[in-house]
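User: I'm new to reading protein models. Can you walk me through this one, feature by feature?

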Amino acid sequence: MAKNLTSLSKCSFGDCFLIKEINIEGPLRRRLLDLGFVKGAEISVLRKSPLGDPVAYRVSNTTIALRKDESSKILGVIVKEGTI
């Protein structure tokens with residue numbers, strides 16, 4: 001893991017995140033790739049549930065909710081903070 005990478009789970013509402021690595025295996029990895037969670041994709045943090053888990057993300061005109069344990073394995077950089 002590179003020094004400056006952060007996990008998607010550490011993003012706040014409204015952040016835009018650029019994917020650099022996906023450290024998920026199996027069927028979930030295939031599904032995320034199919035939905036647009038690929039290296040270089042930009043993710044927007046849309047909404048957190050009342051208890052904070054799961055969190056809704058937007059990628060390629062698709063909205064998907066991921067749990068913290070899943071989003072913590074998606075690494076990248078925050079490109080915009082707090083704007084959608």
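User: Which order do the strands of the open sheet have?

Analyst: Strands here are DSSP runs of E, at least two residues long, while helices are runs of H or I of at least four, both numbered from the N terminus. Two strands pair if DSSP finds at least two bridges between them. In this predicted model, six strands form an open sheet in the order 1-6-2-3-4-5, with antiparallel pairing. Strand 1 (6-7) and strand 5 are at the edges with a single partner strand each, so one side of each has no neighbour in the sheet.

User: What goes into a model like this?

Analyst: Since the model is predicted, local features need pLDDT of at least 70 and side-chain atom pairs count only at pLDDT 80 or more, but totals for chains, interfaces and linings use all residues. Residues are numbered from 1 along each chain as its sequence is written, and side-chain values use heavy atoms, leaving out hydrogens and water.

User: How many bridges join strand 2 to strand 6?

Analyst: Six, and the two strands run antiparallel. For Glu21, the bridge partner in strand 6 is Leu75.

User: Where does helix 1 lie?

Analyst: For contact, look for heavy atoms within 4.5 Å. For angles, axes are lines fitted to C-alpha atoms, for helices over the stretch in contact, and values run from 0 to 180 degrees between N-to-C directions. Helix 1 (residues 27-35) lies across strand 2, strand 4, strand 5 and strand 6, at about 155° to strand 5.

User: How many residues does the largest nonpolar core have?

Analyst: A nonpolar core is a set of buried Ala, Val, Leu, Ile, Met, Phe, Trp, Tyr and Cys residues joined through side-chain atoms within 4.5 Å. Buried means under 20% relative accessible area, exposed over 50%, and partly exposed in between (1.4 Å probe, protein chains only). The largest core has 17 residues, and Leu8 is among those with the most contacts inside it. Beyond its neighbours within four places in sequence, Leu8 contacts residues including Phe37, Tyr57 and Ile74.

User: Is Ser44 buried or exposed?

Analyst: Ser44 counts as buried because its relative accessibility is 16%. This serine lies in strand 3.

User: What is phi like at Ser60 and Asn61?

Analyst: Most residues other than glycine have a negative phi. Ser60 isn't a glycine, yet has a positive phi of about 50°, and Asn61 has a positive one near 60°.
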